[in-house]
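Please write a short report on the structure below.

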Amino acid sequence: MIMNVRQEDTASLYKKHASKMKVVAQLILGDSDEADDAVGDVFADVATGKISTEGEKNESMLFICLRNRCLNLLKRKTLLERIRGKMQLDNRVDISPPERQVDRLEEILDFIDTKLTPQTARIVRMHYQQKMKYREIAAELGISETAVYKHLAQGISKLREKFN
């Protein structure tokens with residue numbers, strides 16, 4: 001019952017603030033699709049309880065979390081660009097993951113396929129494996145972007161319960 005109340009609150013917050021947040025994210029990131037994903041990720045964290053929006057300062061908290069998410073994305077981009085530059089200099093570097101990480105990844109993928117609903121599993125794989133944007137997933141599946149982030153939030157929540 002608590003989860004349903006949280007989802008309703010998240011949906012109303014999304015309707016109220018998402019459009020303004022997308023504009024801010026696009027200004028920071030310079031990319032509309034990345035901005036949509038950043039906003040969706042913030043609301044997915046709200047839906048799973050990772051971000052608390054209780055109290056009077058909902059909008060401030062959402063924008064602070066969005067700013068931090070955007071800055072982390074920019075920092076990660078520059079780090080990846082530096083790594084790619086180094087990799088081009090030395091192609092002999094072996095970046096294969098250790099066996100323990102491969103086993104863990106296989107366990108997570110098996111959990112996604114067997115314990116999540118088929119729709120949630122499909123959306124999680126589309127977003128994280130195929131790197132599809134919320135908008136692309138919604139268009140392909142014929143559902144709303146809100147439904148996409150709800151499925152992702154539910155999937156992430158169950159993965160955290162199992163693997164944390």
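A search of the whole structure finds zero disulfides, a disulfide being a pair of cysteine sulfur atoms within 2.5 Å. The model is predicted: local features need pLDDT of at least 70, side-chain atom pairs count only at pLDDT 80 or more, and totals for chains, interfaces and linings use all residues. Residues are numbered from 1 along each chain as its sequence is written, and side-chain values use heavy atoms, with hydrogens and water left out.

| Residue | Relative accessible area |
|---|---|
| Cys65 | 17% |
| Cys70 | 0% |
| Asp36 | 6% |

Asp36 lies in helix 2 (residues 32-48); helices are DSSP runs of H or I with at least four residues, numbered from the N terminus. Leaving aside residues up to four places away in sequence, Asp36 touches Lys22 and Arg135, where contact means heavy atoms within 4.5 Å.

Helix 5 (residues 118-128) packs against helix 7 (residues 145-163) at an angle of about 95 degrees, with the axes 9 Å apart. Axes are lines fitted to C-alpha atoms over the stretch in contact, and angles run from 0 to 180 degrees between N-to-C directions. Helix 5 is therefore roughly perpendicular to helix 7, a term for angles of 65 to 115 degrees. Residues of helix 5 in this contact include Ile123 and Val124, and those of helix 7 include Leu152 and Ile156. Buried residues in helix 7 include Val148, Leu152 and Phe163.

Key:
Helix = DSSP H or I, 4+ residues; strand = E, 2+ residues; numbered from the N terminus. Parallel < 35°, antiparallel > 145°, perpendicular 65-115°, else oblique. Buried < 20%, exposed > 50% of the residue type's maximum accessible area, 1.4 Å probe, protein only.
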